Amino acid sequence: MIHPEFTKTLVTDHLERLRRDARVVRGPRRRPLVDTRDVELRLCRIADDPELDRLAQLEGRPVPFGRLVVAVIRGRIVAALPLAGGHALRDPFTKTEHLMPLLELRAAQLRDPKPRRLIPRYVSLMRGSIHA
């Protein structure tokens, strides 16, 4: 049987070691994940011209020609990327770096649509008519 004072000393030492190790393990804090639930990606519309002019004015550049893919957060355009390529327009007062890969991906999808093959559709329609 172990003496109670000796047990108390062992427990106290163990707790101190655990606390010391916990301080060392913590390390750098992780950045919070970006919430993209409020983000809408779409092609620009004629009604977006005032917002695009505002973004261009904030950046000190003209609005790019052609269609743009825009990122809208809570009803406000915060970034726009030309479909034809070129520099994006960004709101300097809003964090938009997490939106740029999304805009680039969407622009690439719209730029190079995959041609639709009609043969599988016809084959499935023929199969359906055979079994009818």
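1. A salt bridge is taken here as a side-chain nitrogen of Lys or Arg within 4 Å of a carboxyl oxygen of Asp or Glu, and by this rule the count comes to seven. The model is predicted, so that local features need pLDDT of at least 70 and side-chain atom pairs count only at pLDDT 80 or more, while totals for chains, interfaces and linings use all residues. Residues are numbered from 1 along each chain as its sequence is written, and side-chain values use heavy atoms, with hydrogens and water left out.

2. One of these salt bridges joins the side chains of Arg-74 and Asp-38, at 3.3 Å from N to O. The pair links distant parts of the chain, 36 residues apart, with Arg-74 in the loop between E2 and E3 and Asp-38 in the loop between H1 and E1; helices (H or I, at least four residues) and strands (E, at least two) are DSSP runs, numbered from the N terminus. Arg-74 is exposed, with a relative accessible area of 70%, whereas Asp-38 is partly exposed at 38% (buried means under 20%, exposed over 50%, partly exposed in between, with a 1.4 Å probe and protein chains only).

3. Arg-42 forms a salt bridge with Asp-48, the closest N and O atoms being 2.6 Å apart. Arg-42 is buried at 15% relative accessible area, and Asp-48 is also counted as buried, at 7%.

4. A further salt bridge brings together Asp-91 and Arg-76 at 2.4 Å, N to O. Asp-91 lies in the loop between E4 and H3 and Arg-76 in strand E3, so the pair ties together parts that are 15 residues apart in sequence. Asp-91 is buried, with a relative accessible area of 3%, while Arg-76 counts as partly exposed at 34%. Salt bridges that share partners join Glu-51, Arg-54, Arg-76 and Asp-91 into one network.

5. Four strands form an open sheet in the order E1-E2-E3-E4, with antiparallel pairing (two strands pair if DSSP finds at least two bridges between them). The edge strands, each pairing on one side only, are E1 (39–43) and E4 (89–90). Strand E2 (residues 68–73) is joined to strand E3 (residues 76–82) by six bridges, and Val-69 stands opposite Leu-81 in E3.
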